[in-house]
Amino acid sequence: MIEFKLPSLGADMDEGKLLEWKVKPGDAVNKGQVVAIVDTSKAAVDVESWQEGTVAELIVAPGEKIPVGTVLATLLEPGEKPGAMRPAPKSAGLPPSAVPIALATPVAASAPASRRMVSPAARKHAQEHGIDIDTVPGTGPRGAVTREDVEAAVRAKPTAQPAAAPLDKSAEMRRAIAAAMARSKREIPHYYVAESIPMGTALAWLTQENAERTMAERLLPAALLLKAVAVALTRFPELNGFFRNGAFQAAAKVHVGVAISLRQGGLVAPALLDADTKPLTRLMQELTDLVKRCRAGSLRSSEMSEPTITVTNLGDQGTEAVFGVIYPPQVALIGFGRIVVRPWAENGGLKLMPAVTASLSADHRVSDGHRGALFLMALAELLQHPEELNQ
Amino acid sequence: MNDADIRAVALATLKSIAPEIEEAELRPERPLRQQIDLDSMDWLNFLLGLHEKLKLEIPEADYAKLVTLDDLVAYLSAKLR
């Protein structure tokens, strides 16, 4: 029996609301198939199955808010017969929203008796309604404070203090970004390096390349920059991965998260998967598709949960440089400013050169400024050979 | 197709990318991208939308000429003639 759990779709997500099931009991499910749509603080996300099987039971109903890690459904493994194993109980009869995910971690025997378990959903609900979580009595397993406990506390609040109005979507997104960025600045010792990279050769190559392409196939400089980052990262594994549980885990693949601003405010950073292996034409198509789906609100869970690094590119309407905040648990972020024409000294002479300022924000627990600087130099070198990036 | 029709097509395409724009507040003689927050991907999609609706090619070398809405209408009008 496979337990299909609500995945974390980013450091700023601790719960989601199931909007819709795309499968029903008895349906065969393939790896990568979209099985549900879940609303996060940032967007409605198509959640994919990571395993093959047959849907046995849908445990969570549309409309329910559930913490990350909650079992949404059970699947029969290929070849497994229905009834061979009993479906997972719904946590001793409690609705999934009441299950504190802290229960998944055994409580150490030496843990102080006064330490309380609080589900992320309960904590969030308490924050939204201005309730001090420490004053809420817990009625969940082992005294855990559940969302229902907080709801009871909200109802018990004097009417002279009306409950806060529900947060609208953009306020909710801003709160999620604030939480992730505050965590980043609190936990990650950032260091920063920057380099001005000449783009004359790259832009000349792009102009020539685009002149031979149809409008729909033209490349933006962003595609070239993203590919160069991805290729450079294969030589600097300490910048590509995650810092979890006090240790760095290098990622086996390069999934570049692309920061995309939304017209209504806020941003998301879904991933271009395996960006180092894709030709520029494909990368550009995927980037176009990602931006379109991002703004239409139809992202996939794999894109949201898998970036191994993030790139923020201010583009041609931005400022000359940007120094970003790392998105935890990632360990680095690359920033590109606007490409500007500058006076450029070369071979003892002065000329005009389009150039871009590339910056690296990196986690000092994992890498040092020397390696960070070498990474930017490697990036600059790759961008002098754009034709080699088109492979 | 006259200039008014072209302007209407351009505005409709623009609104499909930036639904928040208020037509009445757009100054046709001022740089479009200074009035509307259009990044390079939005701009590319805008031009692609015009290409699909009007069935004409816009070479990348001409992008720099398309600064204001008036520029755009004049350029498209000449191409359609």
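## Burial and helix 3 of chain B

A residue counts as buried if 20 or more other C-beta atoms lie within 10 Å of its own, with C-beta atoms placed from the backbone. In this predicted model, that criterion is met in helix 3 of chain B by B:Met41, B:Asp42, B:Trp43, B:Leu44, B:Phe46 and B:Leu50. The buried residues of this helix pack against elements of both chains: helix 6 (280–296) of chain A, and helix 1 (3–17), helix 2 (32–35) and helix 4 (69–80) of chain B.

Helix 3 of chain B covers residues 40–54, and its length can be checked against its residue count. Just after the helix, B:Lys55 adopts a positive phi of about 55°.

## Overall make-up of chain A

Chain A contains nine helices and 20 strands. Of its 391 residues, 41% are buried. Among contacts in chain A between residues at least 6 apart in sequence, 65% join residues that are at least 24 apart.

## An open four-stranded sheet in chain A

Four strands of chain A form an open sheet in the order 1-8-6-3, with antiparallel pairing. Strand 1 (2–5) and strand 3 (28–29) of chain A stand at the edges; each has a single partner strand, so one side of each is left without a neighbour in the sheet.

## Domains of chain A and their contact

The domain assignment divides chain A into domain 1 (2–99), domain 2 (116–165) and domain 3 (189–389). Between domain 1 of chain A and domain 3 of chain A, the C-alpha centres lie 33 Å apart. Contact between these two domains involves 13 residues of domain 1 of chain A and 13 residues of domain 3 of chain A.

On the side of domain 1 of chain A that touches domain 3 of chain A, strand 5 (residues 44–48) of chain A supplies the largest share, five residues. By residue class, that side of domain 1 of chain A divides into eight nonpolar, two polar and three charged residues.

How values were computed. Residues are numbered from 1 along each chain as its sequence is written. Chains are lettered from A and ligands numbered from 1 in the order in which they are written. This is a predicted model: local features need pLDDT of at least 70, side-chain atom pairs count only at pLDDT 80 or more; totals for chains, interfaces and linings use all residues. Two strands pair if DSSP finds at least two bridges between them. Helices (H or I, at least four residues) and strands (E, at least two) are DSSP runs, numbered from the N terminus. The expected span of a helix is 1.5 Å times one less than its number of residues. A residue is buried if 20 or more other C-beta atoms lie within 10 Å of its own, exposed if 12 or fewer, and partly exposed in between; C-beta atoms are placed from the backbone. Two residues are in contact if their C-beta atoms, placed from the backbone, lie within 7 Å. Domain bounds come from an automatic or database domain assignment. Ala, Val, Leu, Ile, Met, Phe, Trp, Tyr, Cys and Pro count as nonpolar, Asp, Glu, Lys and Arg as charged, and the others, Gly among them, as polar.
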